[in-house]
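Keep the sequence and the model side by side as you read.

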Amino acid sequence: MRPPAPGAARSGTMNVHSLTSVFAPDLERFLAFKESMGFHCDSRLWYLKSFDRYCTDRGMKDFDRSTVEGWVLIKQSSQPNSCRSWMSYIRDFGRWLRINGNDNAYVLSDQWKARFVRPQPYLLTQEEASRFFAAAARLQTLTPWKWQGLAFFALMHSCGLRTCEVHRLAINDVNLKESVIDVRWSKGNRSRRLPITDQIVSILTEADQALQRALGSKRSAFFVSSTGDPVTASMVAGMFNGIWDQARLQRPLEGKQPRPYDFRHHFAYAKIERWMAEGSDVNARVPYLARYMGHASLDSTYYYIHTSPDFMNDYAELTREGQGMLPEVGFE
């Protein structure tokens, strides 16, 4: 059966994001569709709400080229040096409208696409990591981060998790009795179960008990805000910066700045460097590291690890020798 034409408000359509433009019903359906596919993104919602406000303020009625590119030009002028990845949100919405019956919906032209350049990570040293976690353990704050700060970032550091994978963990996703965590519907709509060490179990248990005492039934996720709601990416970034500064760690005057995601980089290249130092067969181990980190391809894993200065000399030789020699690794 053909879906209702975009633009037509359906009875029962819930405006959960307080959208106000003529496109509100379709934006709600689009966001619900993306979330049902496992793609949760605060940035997508922020930019689409901006587009919605733009259309409301100007009375835009048609999802055509002038509407879409008019908003893009204004948004681009307000943040001229930003990455253009946010344009993919409005481009995807246009494609979704077409698929769902609006043949005249405008899909943002490829001329707006910028050349993709992978961001270079900030390479954490072992001393920086140690001082960071020491500061996290004695964090002085009135928020739940007092109990969960060390646990949140230690989990990223020890398991190489993406920031979003940690802040989306449900209480039931953390099985402390069996020493495993379930990362559900992450990037590429893949899930995986990861073992955690006794040390991490102890840290998570202490945080869990403190959060239960403080929030009880108000707690809706494993890591939460003062209201009991799941923490957001901006909260995580703010707390990371606060702990970094409390540890009196220096920030570079130019170049890449430290961020939570750098714990994931550190996990990858530290594993590889240790295997190389031990004389292990790195080619045989990389596929399992890729699965552990939730990568769809080995290229992603090699990218993370080639950023290590000690690994650069062996990177080309390792990848060349590994072609065609790697065992299959499945995903859930």
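Leaving aside its neighbours within four places in sequence, which residues is Phe 132 in contact with? The contacts are Phe 153, Phe 240, Ile 243, Trp 244, Ala 247, Leu 249 and Phe 263. Bear in mind that this is a predicted model.

Phe 132 belongs to the largest nonpolar core, which has 51 residues. Phe 132 is one of those with the most contacts inside this core, along with Phe 152, Phe 153, Leu 155, Leu 204 and Phe 223. Several elements supply at least two core residues each: helix 5, helix 6 (145–159), strand 2 (180–183), helix 8 (198–215), helix 9, helix 10 and helix 11 (282–293). Helix 6 gives the most, with 8 residues.

Now step back to the whole chain. The secondary structure comes to 13 helices and 3 strands. Of the 332 residues, 44% are buried. Take the contacts between residues at least 6 apart in sequence: 60% of them join residues at least 24 apart. The accessible surface is about 17,900 Å², and carbon and sulfur atoms hold 51% of it.

Next, the strands. Strand 1 (residues 174–175) pairs with strand 2 in the antiparallel sense, over 2 bridges. Here Asn 175 stands opposite Val 180. The hairpin of these two strands has 4 residues between them, and Ser 179 takes a positive phi near 60° in it. Strand 2 also pairs with strand 3 (residues 192–195), again antiparallel, over 4 bridges. In that pairing, Val 183 has Arg 192 as its bridge partner.

Are the two faces of strand 2 covered or open? In a regular strand, side chains alternate between the two faces of the sheet. Strand 2 is covered on both: Val 180 and Asp 182 are buried on one side, Ile 181 and Val 183 on the other.

Turn to Ala 105. This residue sits in the loop between helix 4 (87–99) and helix 5 (126–137). Why does Ala 105 count as buried? Its relative accessibility is 0%, so it falls in the buried class, which is set at under 20%. Beyond its neighbours within four places in sequence, Ala 105 is in contact with Phe 63, Gly 94, Leu 97 and Arg 98. Gly 94 is 11 residues away along the chain, yet the two C-alpha atoms are separated by 5.8 Å.

Ser 18 is found in the segment before helix 1. Its phi is near 60°, a positive value in a residue other than glycine. Arg 248 lies in the loop between helix 9 (233–246) and helix 10 (262–278). Arg 248 is not a glycine either, and its phi is positive at about 60°. Are these side chains buried or exposed? Ser 18 is exposed, with a relative accessible area of 60%. Arg 248 is exposed as well, at 68%.

Phe 33, Met 37 and Phe 39 make a nonpolar patch of about 240 Å². Phe 33 is in helix 1 (residues 24–36). With a relative accessible area of 35%, Phe 33 is partly exposed.

Conventions. Residues are numbered from 1 along each chain as its sequence is written. This is a predicted model: local features need pLDDT of at least 70, side-chain atom pairs count only at pLDDT 80 or more; totals for chains, interfaces and linings use all residues. Side-chain values use heavy atoms; hydrogens and water are left out. Buried means under 20% relative accessible area, exposed over 50%, partly exposed in between (1.4 Å probe, protein chains only). Contact means heavy atoms within 4.5 Å. Accessible areas come from the Shrake-Rupley method with a 1.4 Å probe; for residues, only the protein chains shown count as cover. Patches are made of residues with over 30% relative accessible area and no salt bridge: like charges are joined within 9 Å, nonpolar side chains (Val, Leu, Ile, Met, Phe, Trp, Tyr) within 5 Å. A salt bridge is a side-chain nitrogen of Lys or Arg within 4 Å of a carboxyl oxygen of Asp or Glu. A nonpolar core is a set of buried Ala, Val, Leu, Ile, Met, Phe, Trp, Tyr and Cys residues joined through side-chain atoms within 4.5 Å. Two strands pair if DSSP finds at least two bridges between them.
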